Amino acid sequence: QQSSRQHPPGVDNIILEDSRTSKCTPEGQNCTASKCCKTPGFRCFKKSDQWAACKPWCEKGPDPYDWDAVPWECSPLGPFTKGK
């Protein structure tokens with residue numbers, strides 16, 4: 001099975017400045033509306049039309065660490081948050 005992790009180098013991988021993360025979503029909440037994450041090194045990834053979450057990376061398909069077996073689309077909805 002081919003990996004579909006979303007860690008694109010280059011233009012698509014723009015990083016937010018720290019001061020711009022105040023309205024971003026914390027871990028464990030839906031980031032569909034904000035399209036950005038408070039956690040450094042995380043990015044908002046789409047799971048379905050109803051849910052997206054902040055994760056450091058995403059691989060299409062079911063996530064064994066997620067609360068259900070619904071597969072992830074893994075479309076990035078925003079940039080990675082600046083992190084250490």
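This is a predicted model: local features need pLDDT of at least 70, side-chain atom pairs count only at pLDDT 80 or more; totals for chains, interfaces and linings use all residues.

Trainee: What confidence does the protein chain average?

Mentor: The average pLDDT (the predictor's confidence in each residue, from 0 to 100) is 83. Of the residues, 74% score at least 70. Residues 1-15 stay under 50. For that stretch the model has 28 contacts beyond four places in sequence, a contact being heavy atoms within 4.5 Å.

Trainee: Why is R43 called buried?

Mentor: Buried means under 20% relative accessible area, exposed over 50%, partly exposed in between (1.4 Å probe, protein chains only). R43 has 1%, so R43 is buried. Buried residues make up 38% of the 84 residues in the protein chain.

Trainee: What does the side chain of R43 reach?

Mentor: The backbone oxygen of G78, at 2.5 Å. R43 itself sits in strand 2.

Trainee: Which way do the residues of strand 2 point?

Mentor: In strand 2 (residues 43-46), R43 and F45 point one way. C44 and K46 point the other way. All are buried.

Trainee: What makes strand 2 and strand 3 a pair?

Mentor: Two strands pair if DSSP finds at least two bridges between them. Strand 2 and strand 3 (residues 52-55) have 4 bridges and run antiparallel. C44 stands opposite C54 in strand 3. A hairpin through 5 residues joins the two strands.

Trainee: How do you know that strand 2 pairs with strand 4?

Mentor: The bridges settle it. Strand 2 and strand 4 (residues 75-76) share 2 bridges, in the antiparallel sense. There, P76 is the bridge partner of F45.

Trainee: What is the order of the strands in the open sheet?

Mentor: The open sheet of 3 strands has the order 3-2-4, with antiparallel pairing. Strand 3 and strand 4 stand at the edges, each with a single partner strand, so one side of each is left without a neighbour in the sheet.

Trainee: How many aromatic pairs does the structure hold?

Mentor: The structure holds 1 aromatic pair. F45 and F80 form that pair, 6.4 Å centre to centre and 75 degrees between the planes. Rings of Phe, Tyr and Trp (its six-membered ring) pair if their centres lie within 6.5 Å; planes under 30 degrees apart count as stacked, over 60 as edge-to-face and the rest as tilted. On those values, the F45 and F80 pair is edge-to-face.

Trainee: Which parts of the chain does the pair link?

Mentor: Distant parts: F45 lies in strand 2 and F80 in strand 5 (residues 80-81), 35 residues apart.

How values were computed. Residues are numbered from 1 along each chain as its sequence is written. Side-chain values use heavy atoms; hydrogens and water are left out. A polar contact is a pair of N or O atoms within 3.5 Å; within protein, one must be able to donate a hydrogen and the other to accept it, and residues adjacent in sequence count only if both atoms are side-chain atoms.
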